[in-house]
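Please keep the sequence and the 3D view at hand while reading.

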Amino acid sequence: MSDPPFPIDPGPIGTTRDGRPIAMCAMTPQAAAALGPAMADIDPWARLGVEAALFTSFLARHEAGAYRYRIVVDDMDAGICVVRDPWLSGPYLNLLGLVPQAQGQGVGKAVLQWLEARARTAKHRNLWLCVSSFNDNARRIYERAGYTHLATIDSLSFDGFDEHLMRKRLHSSPA
């Protein structure tokens, strides 16, 4: 039997620009309790008014088809990644967030490369995500990684805030 596309505790996925190890680890209640408030304090979630308790609860939840990870750099909890699979012929990157100290270090790029490698191995056709319309930095990162804008969805998660649906095509259908 083959490995699942998104294992519970993936392990090492790369290194930062200065050579520190990056790992994807299973989300724990302790990590959710620390990372929930940290994520609620940064954009886009701070701008959207997401409460720390709601974020913590979401990260600690278990549900079929949702894989919740903490991103670890060295021994520091550096961020979160939530992947939903299956979605529309491929996984959906539900959340990716990094604490400010981990931003600009190549951590997000390593996570996107890991996600793509896992999806390609599983022969998924697409990768999906939504990014808040005001989150220009994240949108540029996703575009550099090969994602294209497909639609703008008004007030998807929060009234008055639009989301851009983006896709990266991985495999084409056989002719």
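## Cysteines

Cys81 is buried, with a relative accessible area of 1%, where buried means under 20% relative accessible area, exposed means over 50%, and partly exposed covers what is in between (1.4 Å probe, protein chains only). Cys25 is buried as well, at a relative accessible area of 15%. The sulfur of Cys25 is 12 Å from the closest cysteine sulfur, that of Cys81, which is too far for a bond. A search of the whole structure accordingly reports zero disulfides, a disulfide being a pair of cysteine sulfur atoms within 2.5 Å.

The model is predicted, and local features are described where pLDDT is at least 70, side-chain atom pairs count only at pLDDT 80 or more, and totals for chains, interfaces and linings use all residues. Residues are numbered from 1 along each chain as its sequence is written, and side-chain values use heavy atoms, with hydrogens and water left out.

## Salt bridges

The whole structure holds ten salt bridges, each defined as a side-chain nitrogen of Lys or Arg within 4 Å of a carboxyl oxygen of Asp or Glu. In one of them Arg61 pairs with Glu63, and the closest N and O atoms are 3.9 Å apart. Arg61 is partly exposed at 37% relative accessibility, and Glu63 is partly exposed too, with a relative accessible area of 29%. Glu63 also meets Arg84 in a salt bridge, at 3.3 Å from N to O. Because Glu63 lies in the loop between α3 (52-60) and β3 (66-73) while Arg84 belongs to strand β4 (residues 76-84), this pair ties together parts that are 21 residues apart in sequence. Helices (H or I, at least four residues) and strands (E, at least two) are DSSP runs, numbered from the N terminus.

Another salt bridge joins the side chains of Arg139 and Glu143, at 3.2 Å from N to O. Both residues lie in helix α5 (residues 136-144), four residues apart, which is about one turn of the helix. An α-helix has 3.6 residues a turn, so residues three or four places apart point the same way. Glu143 is partly exposed, at 37% relative accessibility. Elsewhere, salt bridges that share partners join Arg61, Glu63, Arg68 and Arg84 into one network.

Which residues of α3 are buried? They are Phe55, Thr56, Phe58 and Leu59. Seen down the axis of α3, these buried residues fall within an arc of 165°, so they line one face of the helix; the arc is that of the directions from the helix axis to the C-beta atoms. The face of α3 turned away from this buried side carries the exposed residues Ala53 and Leu54.

Arg125 lies in the loop between α4 (107-121) and β6 (126-132) and is partly exposed, with a relative accessible area of 26%. The C-alpha atoms of Arg125 and Ala53 are separated by 35 Å, and the two residues are 72 residues apart along the chain.

## Pockets

On a 1 Å grid over the protein atoms alone, a pocket is an open set of points with protein on both sides within 12 Å along at least five of seven lines, and its lining residues have an atom within 4 Å of a point. Grid points are joined across faces, edges and corners, and a volume is the space filled by probe spheres set on the points. The largest pocket has a volume of about 1300 Å³. It is lined by 49 residues, of which Trp45, Leu96, Asn135, Ala138 and Tyr142 are the closest to its centre. The largest share of this lining, seven residues, comes from β5. By class, the lining has 28 nonpolar, twelve polar and nine charged residues, where Ala, Val, Leu, Ile, Met, Phe, Trp, Tyr, Cys and Pro count as nonpolar, Asp, Glu, Lys and Arg as charged, and the others, Gly among them, as polar.

The second largest pocket has a volume of about 240 Å³. Of its 16 lining residues, Ile8, His62, Ala66, Tyr67 and Arg68 are the closest to its centre. Both α3 and β3 supply at least two residues of the lining, and the largest share, four residues, comes from β3. The lining of the second largest pocket divides into ten nonpolar, three polar and three charged residues.

Methods. On a 1 Å grid over the protein atoms alone, a cavity is a set of points where a 1.4 Å probe fits but cannot get out, and a pocket is an open set with protein on both sides within 12 Å along at least five of seven lines; lining residues have an atom within 4 Å of a point.
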